[in-house]
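Subject: Structure handover

Hello,

Here is the structure for your files. Please have a look at it first; my notes follow below.

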Amino acid sequence: MRRLVLIAGSIGVAIFIFVLSAYRFTPESAALSNSAVTDDFEYVDQQGIGEAEILLFKSDVKEEYMTVLAEKSGFLYRSKYSTYTPYTSDPLQLIGGMSVTSKENALTYLSVLSNDEKVAYIEAGVEPHVERRDVSKGERVTFLFPFSKQIDKLNATAFDENGKKLYYFGYPKGTNIFRQEDFRWHEYK
């Protein structure tokens, strides 16, 4: 009887430490254990690269998107990194972005929602990793690269069906004042 109590107590302590350490069996449960993801967030999408998974959530209550990284450690996952992006009414809306370099992973994630019927495709990346995604009004496109680069340095550009540049992502050209509200898609003039 005494041995059974000792074993049960040891298992209880191990489970308690496991829960406090934020290690989980799946990337989804690790992301949900991230303190930034509160109960009002709902799951949108998941993309993986190597030993990492990027999960995108949104909250209509807070009017923001949350990008969360879940990294594999052994056979478990842990989530320590997250970024948020506020809702906007822009023709092209950044809804998720993250650039991470850790001991195990390097990645860059960019997710965009198009609200402009003129936009036919978006290109993003740095040579030789430039990718093109077709998009229609109301659709979301996602880029995930196996390197860490600031998302405003991905040369993200939106084009119409004839290849004319419509928008670029980042800060306004020709500025030396960097404000958070200016970090968005800008129309080519």
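Which residue in S11 does Tyr-121 stand opposite? Tyr-121 stands opposite Phe-159 in S11.

Some ground rules. This is a predicted model, where local features need pLDDT of at least 70, side-chain atom pairs count only at pLDDT 80 or more, and totals for chains, interfaces and linings use all residues. Residues are numbered from 1 along each chain as its sequence is written, and side-chain values use heavy atoms, with hydrogens and water left out.

Strand S8 covers residues 121–126. Strands here are DSSP runs of E, at least two residues, numbered from the N terminus. Five of the six S8 residues are buried, so the strand is largely enclosed by the rest of the structure. Buried means under 20% relative accessible area, with a 1.4 Å probe and protein chains only.

S8 pairs on two counts. Strands pair if DSSP finds at least two bridges between them. Six bridges join S8 to S9 (residues 129–134), and the two run antiparallel. They form a hairpin with two residues between them. Val-126 has His-129 as its bridge partner in S9. Three bridges join S8 to S11, again antiparallel.

Now Thr-157. This residue is found in S11 (residues 157–159). Thr-157 is buried, at 10% relative accessible area. Its side chain reaches the backbone oxygen of Asn-155 at 3.1 Å. Leaving aside residues up to four places away in sequence, Thr-157 touches (heavy atoms within 4.5 Å) several residues. Among them are Tyr-121, Ile-122 and Glu-123, plus Trp-185 and Tyr-188.

Best wishes

Technical notes:
Helix = DSSP H or I, 4+ residues; strand = E, 2+ residues; numbered from the N terminus. Buried < 20%, exposed > 50% of the residue type's maximum accessible area, 1.4 Å probe, protein only. Polar contact = N/O pair within 3.5 Å; in protein donor to acceptor, adjacent residues only side chain to side chain.
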